[in-house]
Amino acid sequence: MSTEARRCEPLNPWRWLPWGGAAAALALLPLVFRHGFALTLLSQMGIMVIFALSYNMLLGQSGLLSFGHAVYSGLGAYCAVHALNLIGKGQLAFPVSALPLVGGVSGALFGVLFGWVTTKKSGTTFAMISLGIAEMVAACSLMLPGFFGGEGGVTANRTVGRAFLGISYGPATQVYYLIAVWTMVATAAMFALTRTPLGRIANAVRDNPERAEFIGYDTHVVRFLQLVLAAFFAGVSGALAAINFEIVSAEALGASRSGGVLLATFIGGTGWFVGPIIGAVVYTFFVGAISSVTKAWLLYLGLFFIVMVLFAPGGVASLAAANLRVAKAGLFGRLAPAYGAALGAGLAALGGFATIVEMIYYHELEAVNDPVLRLLGLRLDVTTAPPWFGAAVVLAAGGAAFWVAARRVRVRWNEVHERLGRGSA
Amino acid sequence: MEFFLVTLLNGVSYGLLLFMLSSGLTLIFSMMGVLNFAHASFYMLGAYFAYSISTRIGFWQALVVAPVAVGAIGMLVERFGLRTVHRYGHVAELLFTFGLAYIIEELVHLVWGRLPVDYRIPAQLDGPLFAIYGTSFPIYRGFMMLVSVTMLAALYLALTRTRIGLVIRAALTHPHMVEALGHDVPRMFMLVFGGGAALAGLAGVIGGNAFVTEPGMAALVGVIVFVVVVVGGMGSLAGAFIASLLIGCLQTFSVALDWSIAGALARLGLQPPPGLLVTELFGITVSQAAPVLPYLLMVLVLILRPRGIMGTREA
Amino acid sequence: MNPSAIELRAVRKRFGDTAVINGVTLAIARGERHAIIGPNGAGKSTLFNLISGRHPVSEGAILLNGAPISGLKPFEINRRGLARSFQVTNIFHNLSVFENIRCAVLWPLGYRYSFWHRLSGLRDARERAEAVMEEIGLARRRDTPAGVLSYAEQRALEFGITIAGGAEVILLDEPTAGMNRSETAAATALIRKVAAGRTLVMVEHDMSVVFDLADRITVLVYGAVIASGPPAAIRADPRVQEAYLGTANA
């Protein structure tokens, strides 16, 4: 038996650096981004981070592709908003700060209700069943107006309840800090869960469900427990959304929300814990910020997603990790010029494409009033040929340049990795 | 009685349309293992192409050109998209088609706008075909059934009587063996995917003007097609046929029925107490519950008999 | 009378219309080292699959330590003290070598589906996994993802996962497949060491390994037992020679 010294892990300061750094950043962000819009965006990001991390408990950690995760966050949101109304009417004495627990517990209960039958199988069957249940619940929401509030949804007032320490959740800043605290707590909890026996066995079930059975584990129970836990955190995020927006409607359960978290998690990267966090930030940026600039935001997001599926299925996190490895070995300098060329060409092609898309939208909607589209300082008369021709040329040239640059990147990449391989031999 | 007959015919015509969609999906799934989330998007493209062509040139030209165009797009998608993701596994292929559905919907928004477009039934086919005791059955529904049956008969003949059909049927169950025998399986994948897309596009041409043509149509029909494929049994054309008719009739009948459990209880002289959730549930009529019924059926099938009605492969 | 470790009674298995196992009756005593040999397609792996619960039997009964297990799920059978390895390497390719083995010890150590224990604090799990890694010689590859190991290393890991749980009955499906002479010798020594005090059943094609390790040998041909007994008797049995080992034709 080896007699190595026991490693005192909890006292290792380096481990706490990311967590402390994140906490500090979350605390200080509102001071940097004072604009109300930025605060809204940050709040939405926090909510999405919890939702995406809970989704990755299923997708990345247990190998379960769900098309209906919004069911749990939506139902958690509905329960939370009803509780909030009860608090407002004085029928329930419960601190608003702890309302996400109501969302979480109700999400978990629905996870127990739907989870046992849905987790019998994994793979495509699970995906289909999750889709079916999501559509079923969404369809039910219009049939039961008592609970779901019909087409208008259910509204509430988040400033009810006894304010303590002057916190009433009236101002958006206070809501932001509530979300920030819950995001830290939920993230830490989900991270801790990955380092438990259940978390590790869930990984084993993902990699090889048959072998997992042959080491004594009922894969059905493992998947079921992961689903219930994921549903808990989804419910927490739903409740925070209910507090933030003070309204819950049928779209909280809907296909677009379920699809959105799938997009977000996949773009971020399912193989790393931090992947969904990155994906949630990117996704919220598209939905919250880019959507106010262009009508085609979902097209761009969809294209981004598809490009990731085709060329980087490990997500942004995998790209970052691979490049960090190269950088650690001091070889990033060989890649940087190739990256730069590809980035420049790609941006040009994207610019050409986006110009055409924006001009199409402008032509359909606004050109009747004023044929000139102002885009990035350019004045483009969409009723004449030159802007279209110009944009097409930029797109074609950028595209061709990107094709060439991408091949150079690939060559350099292989070179770098050959050196890395030799270095470790 | 007349209500029953007309509703049945309507249900069958809708079911045949569903079969045009689900047969393409089943062929693609059986042969390539890919569950094509963008299949209903091809349906939508067929309808929109037909709209544009029929308003500029004519309906009959649209009937031929639109499916071919959609089929060509399908082949391109397979050649440049699916083939790239193929090596990452079935989940990646599924996600690719999932993202594709988003993109196609957004492109439709871009080109045709977000509102429904006025894709009309051509004048020659507008009007009643026959009437039973006052309830009329439209010509166009009959036309839909004719086109569906003709197309499916052609598909059946192509699969059973031609050489390429034989090879495709072999590749449905044993793609690797067929490749080992020297057939160009990737080219066949492209043909099958394109053919499935063209079939979906044709369904869009004839269905888009009977029902509504709007950007949300892909999502609506798409889920129903999945229900059909799951209930019929993934990988079984016969099962998809039965399930298409079943669900077509289920949906058509259920939106017309005003029965409810409360109504049945009232006939027996019972009245549940007001205000309870149970009472609210019992008060729901079949027509109100109609949207839920297909999904309820799918979930029940997945729980109780995951193979579906006639499935050979489990998902 | 002590129940046998494994007992098969008139077991039959059909896949569709094809009968793969045609009435096998066999008893393997506790602590015995038993080898099952036979030509390809005889049904040896199928027999393993039936015993370990991967497939249900069509007819007959299988008992483990006297209790019937036919029809139980694989994890239920595993929890009763039976572990098996696979002919085609079946490991958790995204997890490290250490994690692979640690997963195999979690249930036997009683941690079950716990999500309230910190893995890093489970000393008994870590020590047991490290001990197994030493035994199979993969200690220096501790943090390597299992998917990038070489073939021989993966076979060793496969074996490690099987024995890590400390099961009393171990089924090994062609443990030395694809190994050269020195690797086979090392593997045989390791199997002998680990099998001490346990019941071992193995399917093997390498006759030197079989005759080296086995206390008793069963010969399976076309899904039926044609001979069963100690190695010397099997070697001398004319039916076995005809069916498998080969006869010198006059």
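**A walk through the three-chain model**

Of the two pairs of chains in contact, chains A and B share the most contacts, where two residues count as in contact if their C-beta atoms, placed from the backbone, lie within 7 Å. This is a predicted model, in which local features need pLDDT of at least 70 and side-chain atom pairs count only at pLDDT 80 or more, while totals for chains, interfaces and linings use all residues. Residues are numbered from 1 along each chain as its sequence is written, with chains lettered from A and ligands numbered from 1 in the order in which they are written.

Chain B brings 35 residues to the contact and chain A brings 34 residues. On the side of chain B that touches chain A, at least two residues each come from helix 3 (59-85), helix 4 (90-112), helix 9 (217-232), helix 13 (286-289) and helix 14 (293-304) of chain B. Helices here are DSSP runs of H or I with at least four residues, strands are runs of E with at least two, and both are numbered from the N terminus. Helix 4 of chain B gives the largest share of that side, 10 residues. By type, the side of chain B that touches chain A holds 27 nonpolar, five polar and three charged residues; Ala, Val, Leu, Ile, Met, Phe, Trp, Tyr, Cys and Pro count as nonpolar, Asp, Glu, Lys and Arg as charged, and the others, Gly among them, as polar. Chains B and C, by comparison, have no contact, and their closest C-alpha atoms lie 13 Å apart.

Now turn to chain A itself. Its domain assignment, automatic or from a database, gives domain 1 (13-314) and domain 2 (329-424). The C-alpha centres of these two domains of chain A are 34 Å apart. Look next at helix 8 (residues 197-207) of chain A, where 10 of the 11 residues are buried, that is, 20 or more other C-beta atoms lie within 10 Å of their own, C-beta atoms being placed from the backbone. Among the buried residues are A:Arg200 and A:Arg206. Their cover includes helix 2 (36-62), helix 7 (172-194), helix 9 (209-213) and helix 10 (219-245) of chain A, together with helix 3 (97-106) of chain C.

Strand 9 (residues 216-221) and strand 10 of chain C run antiparallel and are joined by five bridges; C:Thr218 has C:Ser228 as its bridge partner.

Key. Buried ≥ 20, exposed ≤ 12 C-beta atoms within 10 Å, placed from the backbone. Pairing = 2+ DSSP bridges.
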